[in-house]
Amino acid sequence: LAVIGYWAFGNDTCSPIYNNICPQSDLDQCGYAEQLGLYLAILGVTVHVAFSYALNINPVERAVEKQFQLDTRPHGRWMSYGSRTLLVLVTFGVAQALPDFGDFLDLLAAITSTFVIFIIPCVCYTKLYWKYSVTSFEVVLNAAIVVVASLGGFFGCYYAVLGILCHVFDVNSACGQIGTSSVCS
């Protein structure tokens, strides 16, 4: 998606991507169709985040419930609801307390997503099936995926750290390397 956005808008690509439809600072200059597209895109992102949040936090909730044995206690269902509500409030508090939480989230996603989605499956597949049925093509393909994912993870971490340095710690030299477009503000 990022490649398509950059291909469509070039160096003036804004983040989040829906700001390319109609920049927030120029809403009066946009037509009805652009404003409608902007609001529909924001609605789509909001619905996606709202529904995927439950999937992302579920393993943590289940681990907490298992650790405190909430499912075996009397009124365990209500205690489970309470613990899940408390976890949601804690994550909300952390997101509100940290300035520019998106930069920290970018760093976390660059590290974890790279390993969980790309590197670990390729390495485990090759290791598990090495003696049985791994062809040389599969080894080369898995190695290529690991190399490309590692490069993507490295640059994701690099730009996330630059974003943290720029937005959280006000390091001006880091801000110059991020390359934020003046059109997006």
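1. Cysteine 122 is buried, with a relative accessible area of 9%, and in this predicted model its sulfur lies 9.5 Å from the closest cysteine sulfur, that of cysteine 124, which is too far for a bond.

2. Two disulfides are present in the structure. One of them joins cysteine 22 to cysteine 30, with the sulfur atoms 1.8 Å apart; this link is right-handed, with 110° about the S-S bond, and cysteine 22 and cysteine 30 are both buried.

3. Cysteine 166 and cysteine 175 also form a disulfide, with a sulfur separation of 1.9 Å, and the torsion about its S-S bond is about 105°, so this disulfide is right-handed. Cysteine 166 counts as buried at 10% relative accessibility, whereas cysteine 175, with a relative accessible area of 26%, is partly exposed.

4. Turning to the aromatic rings, the count comes to five pairs. The pair of phenylalanine 154 and tyrosine 158 is stacked, because the ring centres are 6.4 Å apart and the planes stand at 20°, the cut-off for stacking being under 30 degrees. Both residues belong to helix H5 (residues 136–167), where they are four residues apart, about one turn of the helix.

5. Tyrosine 158 is partly exposed, at 36% relative accessibility, and its ring makes an edge-to-face pair with that of tyrosine 159, since the centres are 5.2 Å apart and the planes at 80°. Tyrosine 159 also counts as partly exposed, at 43% relative accessibility. Ring pairs join Phe154, Phe155, Tyr158 and Tyr159 into a cluster.

Technical notes:
Residues are numbered from 1 along each chain as its sequence is written. This is a predicted model: local features need pLDDT of at least 70, side-chain atom pairs count only at pLDDT 80 or more; totals for chains, interfaces and linings use all residues. Side-chain values use heavy atoms; hydrogens and water are left out. Rings of Phe, Tyr and Trp (its six-membered ring) pair if their centres lie within 6.5 Å; planes under 30 degrees apart count as stacked, over 60 as edge-to-face and the rest as tilted. Helices (H or I, at least four residues) and strands (E, at least two) are DSSP runs, numbered from the N terminus. Buried means under 20% relative accessible area, exposed over 50%, partly exposed in between (1.4 Å probe, protein chains only). A disulfide is a pair of cysteine sulfur atoms within 2.5 Å.
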